[in-house]
Amino acid sequence: MEMTVEGSRIAQHEAQRAVSAAAASAARHSARPGEYLTFRLGSEEYGIDILRVQEIRSYEQPTRIANAPAFLKGVVNLRGVIVPIIDLRLKLGCDSAEYNTFTVVVVLNVRGRVVGAVVDSVSDVLELRKEEIKPSPELNSSVDASYITGIGTVKTGQGDSESERMLILMDIEGLMSSADMGLINS
């Protein structure tokens, strides 16, 4: 089957549009300079845009929802608002999810909806400059890294004891509004 010159141009145009759309999507989902709340999940440290954080609360046992996925721990009543509680450790496949005195719930405002995210502990709020943010790694298609927007690098210590801390920067809004979460309509 022969392709006409016009058909070839249309195919080329479609391919260019797809590349442009992919580049625009990558730019939208790349981490930007600004303030990040950092927290721990297992041995990794993550960062999310501080503007998505409403408050940080100590962990309290939520009311379980029947037939919910394991990462949806249940709901809590937060000053009259019913808030679903997601255990990010379970959602992101951490080895264990132990509840202790450091376990907290980061209450997020995602697309006008309040959602709680259980994390091992909250570290601090860091301001990351453009040069401290590296692009997210390219991984094969079997690994879902779509919620990783970049890697933050923070220098700690001084002189001979200087080291570098790496933060996995994530698109918490994208994660919480993904179809498999079932929390927010797209």
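## Terms and basis

Buried means under 20% relative accessible area, exposed means over 50%, and partly exposed lies in between, with a 1.4 Å probe and protein chains only. Arg111 counts as partly exposed at 46% relative accessibility.

This is a predicted model, in which local features need pLDDT of at least 70, side-chain atom pairs count only at pLDDT 80 or more, and totals for chains, interfaces and linings use all residues. Residues are numbered from 1 along each chain as its sequence is written, and side-chain values use heavy atoms, with hydrogens and water left out.

## Overall make-up

The protein holds three helices and eleven strands. Both kinds of element are DSSP runs, numbered from the N terminus: helices are H or I with at least four residues, strands are E with at least two. Along the sequence the pattern reads α-β-β-β-β-β-α-β-β-β-β-β-β-α.

The protein has 186 residues, and 37% of them count as buried. Take the contacts (heavy atoms within 4.5 Å) with a separation of 6 or more: residues 24 or more positions apart account for 53% of these.

Two strands pair if DSSP finds at least two bridges between them. Strands of a sheet pair through backbone hydrogen bonds, either parallel or antiparallel. Strand 3 and strand 6 (residues 104-110) run antiparallel and are joined by five bridges. Glu55 stands opposite Val107 of strand 6.

Strand 9 pairs with strand 10 (residues 148-156) over two bridges, in the antiparallel sense. Lys134 has Ile151 in strand 10 as its bridge partner.

## Two buried glutamates

Glu45 sits in strand 2 (residues 44-49). It counts as buried, at 7% relative accessibility.

Glu132 lies in the loop between strand 8 and strand 9. Glu132 counts as buried at 14% relative accessibility. Its side chain reaches the backbone nitrogen of Arg129 at 2.8 Å. Beyond four places in sequence, Glu132 touches Glu127, Ile151, Gly152 and Thr153.

## Rings and charges

The structure holds two aromatic pairs. One of them is Phe39 with Tyr46, stacked at 5.8 Å centre to centre, with 10 degrees between the planes. Rings of Phe, Tyr and Trp (its six-membered ring) pair if their centres lie within 6.5 Å; planes under 30 degrees apart count as stacked, over 60 as edge-to-face and the rest as tilted. Phe39 and Tyr46 are both buried.

Two charges sit over rings. Arg89 lies over the face of Tyr99, at 4.7 Å from the ring centre. Lys91 lies over the face of Phe71, at 5.0 Å from the ring centre. The criterion is NZ of Lys or CZ of Arg within 6 Å of the ring centre and within 35 degrees of the ring normal.

Asn67 is found in the loop between strand 3 and strand 4. Asn67 is not a glycine, yet has a positive phi of about 60 degrees. At 80% relative accessibility, Asn67 counts as exposed. Arg111 lies in the loop between strand 6 and strand 7 (113-119). Arg111, also not a glycine, has a positive phi of about 50 degrees.

Ser177 is found in the segment after helix 3 (172-176). Ser177 is buried, with a relative accessible area of 8%. Ser177 and Val110 are 67 residues apart along the chain, and their C-alpha atoms are separated by 7.7 Å.

Note on methods:
A polar contact is a pair of N or O atoms within 3.5 Å; within protein, one must be able to donate a hydrogen and the other to accept it, and residues adjacent in sequence count only if both atoms are side-chain atoms.
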